[in-house]
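Open the model in your viewer and keep the selection tool at hand. The stops below say what to select and what is there.

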Amino acid sequence: QSRETGDMGHFFKQNTVLFGIIGVAALGYSFMTISRNPDWKDNLALYSKDAVSGKESYRLHYYYGRHLIKDVAQAEADTTKRKALLEKGIAELQEAIRIYPEYSEAYSQMGVGYTRINDFDKAIAAYEIGIKKNPGDAIALNNLATVFFAQRKIKEAIDAFQRVTVLNPRYADAFVNLGSCYGTIGDYKNSVDACLKALAIEPNNTKAMMNLAQTYGYMGDKQNADLYYSKAVQIDPSLKRQ
């Protein structure tokens, strides 16, 4: 086994929690386009009623489907019921697209639903259609890149994250994710550069700090590794190593 391959494997092992945080956080940050309403049960009744009464309203089906995926399914502890809710949400989004085939946001939200039921091929297909219809959608592109990363398609993920940073140079999490991609292939210099750009945008981004701490560690730069680890823990004590 080559040293490079060993480093990549070690990087994955040491960053298991970090990669989980990055993947989930990327999805979470990207899809939180509106604040979560604590009265989601009331919203569910409202949206479901409206979707039935407004059968040919693509917006009503879209809002109902999005609500099922973003709020209702996420609050369901039973995995079987959660999957059923996600599939119902996807079906509502498909209905919205049937009525209005050019509705790019519906495709993007379908990508969320498919990702959450681990159907990554369909998630990719949905995101790609949505992005084709709306090439300026940095959020959808970031989420597509996240799916590539989850599948360990690192080259595709890097390309997509780079496109995100061009579309939105202030998208800090995209830079963090890009840095993680570079780290997995042992390109530590570009990994550091990407995470430093994230910190220039969001100085308290602990994901970027933890990534830097790990990457500097692999580069043999203990001083910077300790520095960024300490900064991250100071902001979020839960990140402290046990």
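The charged end of which residue sits over the ring of phenylalanine 149? Select phenylalanine 149 and arginine 152 together: the charged end of arginine 152 is placed over the ring, 5.6 Å from the ring's centre. Keep in mind throughout that this is a predicted model.

**The whole chain**

Now zoom out and colour by secondary structure. The protein has 13 helices and zero strands. The protein has 242 residues, and 46% of them count as buried. Take the contacts between residues at least 6 apart in sequence: 56% of these join residues at least 24 apart.

**Helices H8 and H9**

Select residues 138-150, which are helix H8, and residues 154-167, which are helix H9. Two packed helices are described by the angle between their axes and the distance between the axes. Here the angle is about 160° and the axes are 8 Å apart. Angles over 145 degrees count as roughly antiparallel, and H8 and H9 are therefore roughly antiparallel to each other. The crossing of H8 past H9 is left-handed. To see the contact, show side chains on both helices. H8 contributes Ala138, Leu141, Asn142, Ala145, Thr146, Phe148 and Phe149. H9 contributes Ile154, Glu156, Ala157, Ala160, Phe161, Arg163, Val164 and Leu167.

Next, select alanine 150, also in helix H8. Alanine 150 is partly exposed, with a relative accessible area of 43%. Alanine 150 and threonine 115 are 35 residues apart in sequence, and their C-alpha atoms are 9.9 Å apart in space.

**Two loop residues**

Return to arginine 152, which lies in the loop between H8 and H9. Is arginine 152 buried, partly exposed or exposed? Its relative accessible area is 44%, so arginine 152 is partly exposed. Now look at the backbone. Most residues other than glycine have a negative phi, and most peptide bonds are trans. Arginine 152 is not a glycine, yet its phi is positive, at about 65°.

Move to asparagine 118, in the loop between helix H6 (104-116) and helix H7 (120-133). Asparagine 118 is not a glycine either, and has a positive phi of about 65°. With a relative accessible area of 56%, asparagine 118 is exposed.

**Aromatic rings**

How many aromatic pairs does the structure hold? There are seven. A pair of aromatic rings is described by the distance of the centres and the angle of the planes. Select tyrosine 188 and tyrosine 218: this pair is stacked, with 5.9 Å from centre to centre and 20° between the planes. Tyrosine 188 is in helix H11 (residues 188-201) and tyrosine 218 is in helix H12 (residues 206-218), so the pair ties together parts that are 30 residues apart in sequence. Tyrosine 188 is buried, at a relative accessible area of 11%.

Then select Tyr58, Tyr62, Tyr63, Tyr100 and Tyr103, which ring pairs link into a cluster.

For the last stop, select tyrosine 229 and arginine 241. Arginine 241 lies over the face of tyrosine 229, 3.8 Å from the ring centre.

Definitions and conventions. Residues numbered from 1 in each chain as written. Predicted model: local features only at pLDDT ≥ 70, side-chain atom pairs only at ≥ 80, totals over all residues. Heavy atoms only, no water. Phe/Tyr/Trp six-rings, centres within 6.5 Å; stacked < 30°, edge-to-face > 60°. Helix = DSSP H or I, 4+ residues; strand = E, 2+ residues; numbered from the N terminus. Buried < 20%, exposed > 50% of the residue type's maximum accessible area, 1.4 Å probe, protein only. Lys NZ or Arg CZ within 6 Å of the ring centre and 35° of its normal. Axes fitted to C-alpha atoms, helices over the stretch in contact; angles between N-to-C directions. Parallel < 35°, antiparallel > 145°, perpendicular 65-115°, else oblique. Left-handed = near helix turned anticlockwise from the far one by under 90°. Contact = heavy atoms within 4.5 Å.
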